[in-house]
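Subject: Structure for you to look at

Hello,

Here is the structure I said I would pass on. Please open it next to this email and follow along.

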Amino acid sequence: MSTHASDPLAALGSLPGVADSVDSVRKAVDRVYGHRVMRRRSNEITSEAALRGARGSAALAGADWALEEVRRRTDFSADPEARTVGAALRLSAEGGQLLSIWRQSPLRVLARLHLVAEGEPLDSTGRPRQAGEPVDEPLIKAPLPTSAEVSGRLDGLAELIIAGGEAPALVTAAVVHGELLALRPFTTHNGLIARAAERIVLVGSGLDPKSICPAEVGHAELGRDAYLAAFEGYVSGTAEGMAAWITHCGRAVELGVRESTAVCEALQRGAA
């Protein structure tokens, strides 16, 4: 994070356009939570959002499968794309179990997410990468920070999360997402983990307590090019770039809301 304010997350909330995005996201989330189907079938909406969010995150990671294929498949070990989809599904299922730990020990949660995504304990699993270890993250072309820089910036990110503060949930979620993409702290699955962490922040903050607003769906719908262009803004560290990244993440949440609203309406019609 390239900001020097004493409370950097709160400061980001005052950037031009960010407050409007925060307000728009809150209104969208409130609308879907007010849907009549949510009063009696919220567990179904949560489950469907988890599935669709995993599909969206996997699509950004290079495994762009149809939703029904993700729903139908039971074996996710056959090839790299299948393993990516399997990792995304496991992360989506695991995130909700880690909410109570996140605010006290975010680095422990990130280590757990990497283990879950990897699916097996390797030498590099569940710990930040060491000097000389390669990183498999073809989507992100930004310069790779050194292992020493990763360690320092992860500690700084953890301190911000543990300290809390007045920053809106969207801002905190976007920063966590962007910082993990920038650092790529693990040897594999960094994009999937960054998006899973974004979801944990949105849920744990109380913005989306039932986890029915899958930002991953929106990120995938907006497309790789827009995702990477917005991420370049984050990496730049400029006020304009940071605002562009946060508002992009806000738009992704709103599209996730739209997806779950459509699921609510299908359930109401008896079509799902």
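Below is what was found, going from the whole chain down to single residues.

The model is predicted, so local features need pLDDT of at least 70 and side-chain atom pairs count only at pLDDT 80 or more, while totals for chains, interfaces and linings use all residues. Residues are numbered from 1 along each chain as its sequence is written, and side-chain values use heavy atoms, with hydrogens and water left out.

Overall fold

The chain has 13 helices and zero strands; helices (H or I, at least four residues) and strands (E, at least two) are DSSP runs, numbered from the N terminus. Along the sequence the pattern reads α-α-α-α-α-α-α-α-α-α-α-α-α. The radius of gyration is 18 Å, close to the 19 Å that the globule rule gives for 272 residues, so the chain is as compact as a globular protein of that length. That radius is taken over C-alpha atoms, and the globule rule is 2.2 Å times the number of residues to the power 0.38. Along the principal axes, the C-alpha atoms fill a box of roughly 55 × 45 × 35 Å.

Of the 272 residues, 51% are buried (under 20% relative accessible area, with exposed over 50% and partly exposed in between; 1.4 Å probe, protein chains only). Among contacts (heavy atoms within 4.5 Å) with a separation of 6 or more, 72% are between residues 24 or more positions apart.

Charges

There are 29 positive and 34 negative side chains, and the centres of the two sets lie 7 Å apart. Lys and Arg count as positive and Asp and Glu as negative, while His and the chain ends are not counted. Each charge is placed at NZ of Lys, CZ of Arg, CG of Asp or CD of Glu.

Cysteines

How many disulfides does the structure hold? It holds zero, a disulfide being a pair of cysteine sulfur atoms within 2.5 Å. Cys213 is in no disulfide, and its nearest cysteine sulfur, that of Cys264, is 9.4 Å away. For Cys264, the closest cysteine sulfur is the one in Cys213, and that distance is too far for a bond. Cys213 counts as buried because its relative accessibility is 1%, and Cys264 counts as buried at 0%.

Thr84 is found in helix α5, which covers residues 80–95. Thr84 counts as buried because its relative accessibility is 14%. Leaving aside neighbours within four places in sequence, Thr84 is in contact with Ala58, Ala61, Ala63 and Leu192.

Regards
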